[in-house]
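Dear colleague,

I am handing over the structure we spoke about, and below it you will find what turned up when I went through it. Please keep it open beside you while you read.

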Amino acid sequence: MAQVRTFFIDEEELLLDRNGIWRSNGVEVAHDSTTDAFHRFLEPDGSGGWRIKIGPETKSVKIEDTPRFVTTLEGGAEKGFTLVLAGGKREALDPATLAYQAPDRLTCKLRDGTTARFLRRAYYEITKSLEKDGGKHVVVIAGKRYPLD
């Protein structure tokens with residue numbers, strides 16, 4: 001009889017924290033291939049929560065802030081940015097969806113409506129396009145001004 005491989009530990013609690021770090025029972029998961037797979041296979045569970053689904057295996061995940069994270073940006077302010085998300089997915093940034101909440105929490109909406117948080121590197125990359133406009137902050141991308149305040 002073929003043995004079924006179990007990917008997840010039954011009593012394990014998986015958490016994706018506000019900084020995009022995976023934690024298993026409070027301990028950081030530091031294996032890059034594992035965390036990449038977790039990001040790639042993270043999906044809504046149909047009841048308002050999130051799960052990782054790999055083949056027939058599923059595991060519930062607690063999400064501390066957002067389920068998606070922008071790790072870096074490609075392109076530039078002149079023509080627009082492509083988001084590089086944790087797990088490797090790429091998609092064009094819609095600058096109209098940018099939202100800032102102090103301290104240092106920058107998010108955007110993805111095509112599927114999910115919120116993605118900018119991690120430090122991506123956050124600092126996009127702030128190079130930041131300007132003050134009458135006391136308010138705007139990001140200038142492809143010649144258009146997008147308010148952040």
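A salt bridge is counted here when a side-chain nitrogen of Lys or Arg lies within 4 Å of a carboxyl oxygen of Asp or Glu. Please bear in mind that this is a predicted model, in which that rule gives 12 salt bridges.

One of them joins lysine 62 and glutamate 13, with 3.1 Å from N to O, and it links distant parts of the chain, since lysine 62 belongs to strand 6 while glutamate 13 sits in the segment before strand 1, 49 residues apart. Lysine 62 is partly exposed at 47% relative accessible area, and glutamate 13 is partly exposed at 38%.

Another salt bridge connects glutamate 91 with arginine 111, whose closest N and O atoms are 3.9 Å apart. Because glutamate 91 lies in strand 9 and arginine 111 in the loop between strand 11 and strand 12, this pair ties together parts that are 20 residues apart in sequence. Glutamate 91 counts as buried, at 3% relative accessibility, whereas arginine 111 counts as exposed, at 64%.

Strand 8 and strand 9 pair in the antiparallel sense over three bridges, and they form a hairpin with four residues between them, in whose turn glycine 87 has a positive phi of about 95°. Strand 8 pairs with strand 7 as well, again in the antiparallel sense, over six bridges, and threonine 72 stands opposite valine 84 there.

Best wishes

How values were computed
Residues numbered from 1 in each chain as written. Predicted model: local features only at pLDDT ≥ 70, side-chain atom pairs only at ≥ 80, totals over all residues. Heavy atoms only, no water. Pairing = 2+ DSSP bridges. Helix = DSSP H or I, 4+ residues; strand = E, 2+ residues; numbered from the N terminus. Buried < 20%, exposed > 50% of the residue type's maximum accessible area, 1.4 Å probe, protein only.
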